[in-house]
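Please go through the model below with this report alongside.

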Amino acid sequence: MFHVISRENQQQSPNRTILFEGGAFGAPVSIFLIDNEPGQGPALHVHPYTEMWIVRSGQARFTVGEETLDPNPGDIVVVNAETPHCFKNVGTTRLELTCIHASPEIIQSWV
């Protein structure tokens with residue numbers, strides 16, 4: 001069996017980010033297709049599972065625990081479960097990230 005979720009059936013938030021929770025399709029992962037304007041990004045939070053990002057374009061600044069990092073397009077960032085983290089678009093153009101959650105649903109607690 002397989003599923004195709006066409007672009008017109010993907011729900012987009014006001015900041016142009018798309019959320020896909022895999023559980024409804026039998027997938028063990030969920031993703032965000034992030035498309036943030038300068039200054040946008042989530043507040044500090046944690047998940048009970050590993051989270052990964054692929055920086056596709058733009059300039060991101062991640063805070064992971066006590067560290068700050070500025071990955072480049074093409075870099076992959078991996079954060080272990082229960083590690084406080086956030087990111088922000090610190091550039092002058094849109095930030096595009098593929099965010100992979102190792103869970104069939106998004107489980108998030110704000111710090």
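## A charged pair and the ground rules

Asp70 and Arg61 join their side chains in a salt bridge, 2.8 Å from N to O. A salt bridge here is a side-chain nitrogen of Lys or Arg within 4 Å of a carboxyl oxygen of Asp or Glu. Asp70 is partly exposed, at a relative accessible area of 40%. Arg61 is partly exposed too, at 34%. The cut-offs are these: buried is under 20% relative accessible area, exposed is over 50%, and partly exposed lies in between (1.4 Å probe, protein chains only).

This is a predicted model: local features need pLDDT of at least 70, side-chain atom pairs count only at pLDDT 80 or more, and totals for chains, interfaces and linings use all residues. Residues are numbered from 1 along each chain as its sequence is written, and side-chain values use heavy atoms, with hydrogens and water left out.

## Salt bridges across the chain

How many salt bridges does the rule give? The count comes to 5. In one of them, the side chains of Arg94 and Glu37 meet at 3.4 Å, N to O. Arg94 sits in the loop between β8 (85-89) and β9 (95-101), and Glu37 in the loop between β2 (30-36) and β3 (45-46), so the pair ties together parts 57 residues apart in sequence. Strands are DSSP runs (E, at least two residues), numbered from the N terminus. Arg94 is partly exposed, with a relative accessible area of 22%. Glu37 is partly exposed at 43%. A network of salt bridges links Arg16, Asp35, Glu37 and Arg94.

Arg56 and Glu96 form a salt bridge as well, at 3.5 Å, N to O. This pair links distant parts of the chain: Arg56 is in strand β4 (residues 51-57) and Glu96 is in strand β9, 40 residues apart. Arg56 has 40% relative accessibility and counts as partly exposed. Glu96, at 27%, also counts as partly exposed.

## A nonpolar patch

Ile54, Ile76 and Val78 make a nonpolar surface patch of about 260 Å². Patches are made of residues with over 30% relative accessible area and no salt bridge; like charges are joined within 9 Å, and nonpolar side chains (Val, Leu, Ile, Met, Phe, Trp, Tyr) within 5 Å. Areas come from the Shrake-Rupley method with a 1.4 Å probe, and for residues only the protein chains shown count as cover.

Ile54 belongs to strand β4. Ile54 is partly exposed, with a relative accessible area of 31%.

## The largest pocket

The largest pocket has a volume of about 280 Å³. A pocket is an open set of points on a 1 Å grid over the protein atoms alone, where a 1.4 Å probe fits, with protein on both sides within 12 Å along at least five of seven lines; lining residues have an atom within 4 Å of a point. Points are joined across faces, edges and corners, and the volume is the space filled by probe spheres set on them.

Which residues lie nearest the centre of the largest pocket? They are Thr17, Phe32, Ile34, Pro42 and Phe87, out of a lining of 19 residues. β1 (18-21), β2 and β9 each supply at least two lining residues. The largest share, 3 residues, comes from β2.

Val79 is in strand β7. Is Val79 buried or exposed? Val79 is buried, with a relative accessible area of 3%. Val79 touches Thr50, Glu51, Trp53, Val64 and His85, not counting residues up to four places away in sequence. Contact means heavy atoms within 4.5 Å.

Glu82 lies in the loop between β7 (76-79) and β8. Glu82 is not a glycine, yet its phi is positive, about 65°.

Thr68 is in strand β6 (residues 67-69). Thr68 is exposed, at 52% relative accessible area. Beyond its neighbours within four places in sequence, Thr68 is in contact with Arg61, Phe62 and Thr63. Thr68 and Phe87 are 9.3 Å apart, C-alpha to C-alpha, and 19 residues apart in sequence.

Ser109 is in strand β10 (residues 109-110). Ser109 is partly exposed, with a relative accessible area of 41%. Leaving out residues up to four places away in sequence, Ser109 touches His45 and Val46.

Terms used. Helices (H or I, at least four residues) and strands (E, at least two) are DSSP runs, numbered from the N terminus.
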